[in-house]
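Trainee: I'd like to learn how to read a model like this one. Can we go through it together?

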Protein chains: 2
Amino acid sequence: MSAPTLADVRAAAARIRPHILRTPVHTSDTLDRLSGRRLFFKCEMFQKTGSFKYRGATNAVQKLDADTAARGVVTHSSGNHAQALALAARVRGIPAHIVMPRTAPAVKKEAVIGYGGRVVECEPTPAARQRMADEVAAETGAVLIPPFDHPDVIAGQGTGLLELLEDAPDLDAVVVPVGGGGMLSGYSVALAELQPLVRRFGAEPKNADDAARSLATGVRQPALPPASIADGLLTGLGDITWPIVRQHVERIFTVSEQQIRDAMRLVWERMKLVIEPSAGVGVAVVLSDEFRATAAERVGVVLCGGNVSLDKLYW
Amino acid sequence: MSAPTLADVRAAAARIRPHILRTPVHTSDTLDRLSGRRLFFKCEMFQKTGSFKYRGATNAVQKLDADTAARGVVTHSSGNHAQALALAARVRGIPAHIVMPRTAPAVKKEAVIGYGGRVVECEPTPAARQRMADEVAAETGAVLIPPFDHPDVIAGQGTGLLELLEDAPDLDAVVVPVGGGGMLSGYSVALAELQPLVRRFGAEPKNADDAARSLATGVRQPALPPASIADGLLTGLGDITWPIVRQHVERIFTVSEQQIRDAMRLVWERMKLVIEPSAGVGVAVVLSDEFRATAAERVGVVLCGGNVSLDKLYW
């Protein structure tokens with residue numbers, strides 16, 4: 001499987017248009033003042049299932065031929081991709097098997113079930129997840145749709161960039177949160193071909209900075225043990241996303257847990273948007289001292305999702 | 001001072017257009033399903049200063065002639081009108097004196113100061129507030145801009161209705177939270193003249209149901225002692241708003257504190273919008289059993305503001 005191109009992203013946009021929401025771009029005088037720039041926030045928390053993941057899942061599911069699709073899809077994820085794939089499958093009218101560790105919070109299982117997915121529990125280890133997903137695939141004939149390291153998923157995530165450019169022309173840079181690198185890759189391949197002078201940056205928690213160190217050293221680094229509230233960004237780069245990031249991303253900025261919490265709170269408070277910690281990471285980057293030296297007047301920032309527990313405060 | 005008309009609302013819309021945000025209308029499959037209708041949420045939490053109050057304050061301030069304006073404006077409020085008037089005055093380049101009880105939370109005083117207003121403290125009684133406001137007016141020549149019972153304020157609040165009708169045509173009903181009745185009056189006078197068949201409803205906490213009882217009995221009832229988390233809706237109807245509400249509003253629905261909290265949480269969780277309890281009141285009404293019998297397929301609901309403390313959970 002090879003890296004998608006701008007043409008793939010455009011084809012994905014046409015394919016998923018009937019199914020996704022076209023999310024708006026919001027601005028904020030307060031955040032402009034604090035950052036010393038003009039910021040354009042792509043509001044992916046408004047996307048169906050509450051995150052950008054619905055784009056990639058929908059593209060992958062809709063692209064399947066009818067016979068393959070009929071056998072269903074399977075993934076192992078306890079995060080936003082799980083919900084996204086469950087709904088994308090329901091919309092196509094096919095089964096979705098979501099392998100989740102039996103220790104995953106009940107609310108996450110219920111969300112998947114609410115979108116029509118079938119939760120398959122496994123032991124909470126990466127090996128057990130993979131084994132269970134393979135078993136489900138063998139039993140049912142379902143196709144594995146991984147959360148990020150797949151050309152159709154990457155191309156789907158890139159469709160947000162096409163919308164962002166329509167609403168915020170003449171950008172000087174984009175800042176995209178990076179976990180496995182699906183969205184960062186999708187945005188970067190499309191942007192490099194479409195508007196190569198727009199600078200492409202990643203945003204990552206300091207406590208999960210494997211992508212930043214991968215890019216800085218030129219050698220892909222493994223994911224660290226989970227130690228950030230930005231639970232969407234804990235994964236390492238994949239076989240497909242890593243070469244794209246290496247080639248097309250200029251730099252990945254990192255921010256502390258406190259910076260993430262502060263940024264998240266600021267967006268809730270001033271922009272009235274419920275964003276999850278992973279989305280706070282991009283905001284924290286453009287407000288950081290480290291980013292201040294970056295020459296870029298107009299900056300696009302992706303608010304990647306808004307799926308948070310409302311049973312606790314994050315600050 | 002007499003009741004504003006549709007022409008006043010239209011003039012207000014033209015007057016304030018350069019200064020306000022045109023707020024979007026959001027929809028939600030989940031809330032449509034729960035309510036059994038199509039709901040169109042007017043997102044006033046995105047308005048400058050975080051509530052619809054900026055419309056009325058801006059209209060009143062911008063309408064002043066230059067000599068009067070130069071002497072400044074004054075109000076007594078510790079709520080959203082205080083912040084709205086402070087910013088509206090700063091935009092016009094005139095002083096705003098905001099009389100607040102010395103017991104008001106520091107964060108509310110800081111918000112007013114942040115928007116360029118001057119906070120004048122008084123004892124925490126209605127009489128002391130009024131006396132202090134009169135004193136400030138006498139000393140400075142500033143004009144009193146009350147929070148709701150003023151034709152220019154009412155006309156300004158009504159501008160939201162014109163936008164709502166543009167984005168959500170063919171409504172069968174609107175549901176507007178009511179405290180002093182500024183927004184409900186503005187929406188109702190404009191709608192009665194423009195699309196008289198659209199049903200006009202108010203939404204009020206059960207624990208502050210003076211407007212509901214006023215409309216039901218035909219006799220204006222005084223405000224109750226504060227007993228609702230919907231702190232924007234604790235005021236009684238005014239000399240100007242009461243006759244408008246009596247003439248143009250069909251019914252005011254009331255909801256419990258638990259219904260308000262549940263509705264507020266639902267909007268945060270599913271729509272990713274930070275709304276304040278007062279905005280939850282309108283949502284709670286359209287989800288209530290009591291409202292279920294109301295014939296109305298397409299209903300506009302005003303999410304009036306999003307100014308909440310993020311230091312606590314509301315549920």
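Predicted model: local features only at pLDDT ≥ 70, side-chain atom pairs only at ≥ 80, totals over all residues.

Trainee: In which sense do β4(B) and strand β5 (residues 118-122) of chain B pair, and over how many bridges?

Mentor: They run in the parallel sense, with five bridges between them. For a spot to look at, find I98(B): across from it in β5(B) stands V119(B).

Trainee: What about strand β3 (residues 73-76) of chain B, how does it pair with β4(B)?

Mentor: That pairing is parallel too, over four bridges. Here V73(B) has A96(B) in β4(B) as its bridge partner. To get from β3(B) to β4(B), the chain passes through helix α5 (residues 80-92) of chain B, and this β-α-β crossover is right-handed.

Trainee: Why is strand β4 (residues 96-101) of chain B described as largely enclosed?

Mentor: To judge that, count neighbours: a residue is buried if 20 or more other C-beta atoms lie within 10 Å of its own. Five of the six residues of β4(B) are buried, so the rest of the structure largely encloses this strand.

Trainee: Now for domains. Which parts make up the domains of chain A?

Mentor: Domain 1 of chain A covers 6-51 + 150-303, and domain 2 covers 54-144. Their C-alpha centres are 25 Å apart. Where they touch, 22 residues of domain 1 of chain A are in contact with 15 residues of domain 2 of chain A.

Trainee: Which helix gives the largest share of the domain 1 side?

Mentor: That's α8(A), with eight residues. By class, this side of domain 1 of chain A has six nonpolar, twelve polar and four charged residues.

How values were computed
Residues numbered from 1 in each chain as written. Chains lettered and ligands numbered in written order. Buried ≥ 20, exposed ≤ 12 C-beta atoms within 10 Å, placed from the backbone. Helix = DSSP H or I, 4+ residues; strand = E, 2+ residues; numbered from the N terminus. Pairing = 2+ DSSP bridges. Right-handed = clockwise from strand over helix to strand, strands pointing away. Domains from an automatic or database assignment. Contact = placed C-beta atoms within 7 Å. Nonpolar A, V, L, I, M, F, W, Y, C, P; charged D, E, K, R; others polar.
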